[in-house]
Amino acid sequence: MSQSQALVHDVSDLSLASLGAKRISWAGLEMPVLKSIKERFAREKPLAGKRLLACCHVTAETANLALTLQAAGCQSVLIASNPLSTQDDVAAYLVKEAGIPVFARKGESIETYIKHLNTALDTLPELIIDDGGDVIATLIQERKQQIKHLIGSTEETSTGVQRLRAMSKDGLLPFPAIAVNDSQTKYLFDNRYGTGQSTLDGIMRATNILLAGKTITIIGFGWCGRGVASRARGLGAKVIICEIDPIKALEAAMEGFMVMPIAEACPHSDIVITLTGNKHVLAAEHFTLLKDGCMVCNAGHFDIEIDLVALAEQSLGCEELRPFTQCYKHKNGKSVIVLGEGRLINLAAAEGHPPAVMDLSFANQALAAEYLVKQYGSLAVGIQTLPKHLDYELAALKLMAMGVGYDRLSADMESYIESWQSGT
C-alpha cells in the first residue's frame, strides 16, 4: 500500500482514480491562468507548512485548485460543500494519486456532511477556503477555541459573503475573511457566464426538454440571475424576472424581460428557477398557483430556497420520473416537478461551471490564500477584498491565454485623465 492509500479519507471508490485523472486533465486544458499560478507556487512555496481546509464542490476544476495549493506547500484537506456536487472519480484521484485527504461522497447524507466538516476542522486549519459559509459558521458557533489558530479565510459564493457580513455585523468575525466573490474577475464571469450556462445545462440533462418556447421564471436578478436570463432568452425561452430590488427590477424591464411578482408569474411558468440566496422564496402559497407539470429548481447555494417541506405536506406522494427529476402529486390535482432535489441544479444534474470560468474563480482563491499569508498581522479583522491590481493581472493573464489583445493609455493620456486643470 502506498503512502497515499494509507491516508485517512472518506471517498466512494478509490478504483475510480484513473477516470478522475482524465477528467482533471481535461478541465486543466481550459484553466491556463491557474496553471501559471501553480507553476509559480511550485517554485516559491508561499504556503509552505500551512494547514489549509478547503470546503468546495469536489469537481475536476476544484481538483486543479487543490493541486495548485499542494504545489504551494500547504498541508490541505478537502471536503464537499454540497452533498450532491461531488464527482467520485475526482475524489478518488486526489486521495490515491495526489495524496490529498478528501472527505466527500456524491449523495452523502447531511449527517455525513456534518461529520466530514468536523473531521476537517479537527486538523486545526490555519487557512480556510469556504464555499457557502458552513465551515466558518461551525467554527464560530461550536469551535471558538480554534479561532486562535486561524490566519484567515476566503469565501467564493454570494451566499457565503452574505453570511460573513451578518457575522461581521454581529461582531463575530475576529479574523480577516476575503470576499473572493467581490472580485470582478469572479462575479462578472463565474456568476454570470458560469451560472448562466451550467444552470440550463443541469435542467436539460435532468429532463431532456426543449427550452425554446418555454416560459422560464427566474427569481432573483443578481449576476447569476442575469446570466441565466440571458442564456434562456438566447435559447428561445420567454423569460419572466421576479425581484425585490426595484432597481434590479427596473433594469430587467429595460433589458426587455417581463417583470412581475412571483404569484403573478406562477400560472404562466413552465420552469421556475430560484437564484436569491434566501429562504423559501418559492413557498407554500406559490405551489398551488403553478400550472400542471411546472418544473422548479434552484441555482442558489442552499436547497432551502424552495420550501420542499411545505410542498411535501401539500402533496399526496412523490415519484421519481428519472434521475434528479421528482414529481410531487399536489392535492389540487396538479403535478409539481422538482429537479435536483432543490439543490444546485448545475452540480446535482450536471458538472457545474465550465473550467474556463472556474479558471478565474480559483485563480482568485489561490491568490487570496497567498495574500492572507503574506499580509498576516497587517490585515484588519473582518471582510476584506483582494487588491484591485490582482483583478487586473488575472484579467490580463486570461486575455493573453485567449490570444486577445487590448490597448493601454499613453503617458500623455494618463497625465490628462489624472489631472483637473485641462478642459474645454
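The model is predicted, so local features need pLDDT of at least 70 and side-chain atom pairs count only at pLDDT 80 or more, while totals for chains, interfaces and linings use all residues. Residues are numbered from 1 along each chain as its sequence is written, and side-chain values use heavy atoms, with hydrogens and water left out.

**Exercise 1. Work out how the rings of Phe189 and Tyr193 are arranged, and where the two residues lie.**

Start with the rule: rings of Phe, Tyr and Trp (its six-membered ring) pair if their centres lie within 6.5 Å, and planes under 30 degrees apart count as stacked, over 60 as edge-to-face and the rest as tilted. By this rule the count comes to 3 aromatic pairs. For Phe189 and Tyr193, the ring centres are 6.0 Å apart and the planes at 45 degrees, so this pair is tilted.

Next, place the residues. Helices (H or I, at least four residues) and strands (E, at least two) are DSSP runs, numbered from the N terminus. Both Phe189 and Tyr193 belong to helix α8 (residues 184-207), and they are 4 residues apart, about one turn of the helix. An α-helix has 3.6 residues a turn, so residues three or four places apart point the same way.

Last, check the exposure: buried means under 20% relative accessible area, exposed over 50%, and partly exposed in between (1.4 Å probe, protein chains only). Phe189 is partly exposed at 33%, and Tyr193 is partly exposed at 32%.

**Exercise 2. Now do the rings of Phe221 and Phe257, and find which charged end sits over the ring of Phe257.**

Geometry again: the ring centres of Phe221 and Phe257 are 5.9 Å apart with planes at 70 degrees, so the pair is edge-to-face. The pair links distant parts of the chain, 36 residues apart: Phe221 is in the loop between β7 (215-219) and α9 (223-234), and Phe257 is in the loop between α10 (246-254) and β9 (258-259). Phe221 is buried at 3% relative accessible area, and Phe257 is buried at 8%.

Then look for charges. A charge sits over a ring if NZ of Lys or CZ of Arg is within 6 Å of the ring centre and within 35 degrees of the ring normal. Arg233 has its charged end over the ring of Phe257, 4.0 Å from the centre. Over at Trp223, Arg226 lies over the face, at 4.3 Å from the ring centre.

**Exercise 3. Describe how α1 and α4 pack, and name the residues that meet.**

Take the axes, which are lines fitted to C-alpha atoms, for helices over the stretch in contact, with angles running from 0 to 180 degrees between N-to-C directions. Helix α1 (residues 17-28) and helix α4 (residues 88-96) pack at about 100 degrees, with their axes 7 Å apart.

Now name the angle: under 35 degrees counts as roughly parallel, over 145 as roughly antiparallel, 65 to 115 as roughly perpendicular and the rest as oblique. That makes α1 and α4 roughly perpendicular to each other.

For the residues, contact means heavy atoms within 4.5 Å. Ala17, Leu19, Gly20, Ala21, Arg23 and Ile24 in α1 meet Asp89, Val90, Ala92, Tyr93 and Lys96 in α4.

**Exercise 4. Trace the sheet of 7 strands, then see how β1 and Val77 sit.**

Two strands pair if DSSP finds at least two bridges between them. The open sheet runs β3-β2-β1-β4-β5-β6-β15, and the pairing is parallel. At the edges stand β3 (102-103) and β15 (382-384), each with a single partner strand, so one side of each has no neighbour in the sheet.

Zoom in on β1 (residues 51-56): 5 of its 6 residues are buried, so the strand is largely enclosed by the rest of the structure. β1 runs parallel to β2 (residues 75-80), joined by 6 bridges. Arg51 stands opposite Gln75, and Cys56 stands opposite Ala80.

Finish with Val77, found in β2 and buried at 5% relative accessibility. Leaving aside neighbours within four places in sequence, Val77 is in contact with Leu52, Leu53, Ala54, Pro101, Phe103, Ala120 and Thr123.
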